[in-house]
Amino acid sequence: MINFEEELKKFHPSLEVEDAEDSIYHQDLTDMADMLIKKLMGTEQGSAQKQEEE
């Protein structure tokens with residue numbers, strides 16, 4: 001039978017996984033929701049400027 005406590009003591013995470021984790025967490029990833037919000041904010045600011053000009 002497998003002794004899970006002993007197996008956990010032997011476990012060492014792969015360096016590749018740690019490197020990938022650091023790379024992923026330290027990137028600024030823009031998703032579609034961020035792009036949509038940015039576009040809408042730009043549209044709102046543009047329409048507010050047009051109203052001020054009139």
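Me: What percentage of the 54 residues of the protein count as buried?
Reply: This is a predicted model, in which local features need pLDDT of at least 70, side-chain atom pairs count only at pLDDT 80 or more, and totals for chains, interfaces and linings use all residues. Residues are numbered from 1 along each chain as its sequence is written, and side-chain values use heavy atoms, with hydrogens and water left out. Buried means under 20% relative accessible area, exposed over 50%, and partly exposed in between (1.4 Å probe, protein chains only). By that cut-off, the buried share of the 54 residues is 0%.

Me: Which elements does the protein have, and in what order do they run?
Reply: Helices (H or I, at least four residues) and strands (E, at least two) are DSSP runs, numbered from the N terminus. The protein has three helices and zero strands. From the N terminus on, the order is α-α-α.

Me: Where in the protein is confidence lowest, and where highest?
Reply: pLDDT is the predictor's confidence in each residue, from 0 to 100. The protein averages 79, and 80% of the residues score at least 70. Helix α3 (residues 32–53) is lowest, at a mean of 76, and the highest is helix α1 (residues 4–10), at 92.

Me: What is the N to O distance in the salt bridge of Lys10 and Glu7?
Reply: Both residues lie in helix α1, three residues apart. Lys10 counts as exposed because its relative accessibility is 55%. Glu7, at 39%, counts as partly exposed. Their N to O distance is 3.5 Å.

Me: Is Asp22 exposed or partly exposed?
Reply: Asp22 lies in helix α2 (residues 15–25). On the surface, Asp22 gathers with Glu16, Glu18, Asp19 and Glu21 in a patch of negative charge. Patches are made of residues with over 30% relative accessible area and no salt bridge, with like charges joined within 9 Å and nonpolar side chains (Val, Leu, Ile, Met, Phe, Trp, Tyr) within 5 Å. At 40% relative accessibility, Asp22 is partly exposed.

How values were computed
Accessible areas come from the Shrake-Rupley method with a 1.4 Å probe; for residues, only the protein chains shown count as cover. A salt bridge is a side-chain nitrogen of Lys or Arg within 4 Å of a carboxyl oxygen of Asp or Glu. Lys and Arg count as positive and Asp and Glu as negative; His and the chain ends are not counted. The place of a charge is taken as NZ of Lys, CZ of Arg, CG of Asp or CD of Glu.
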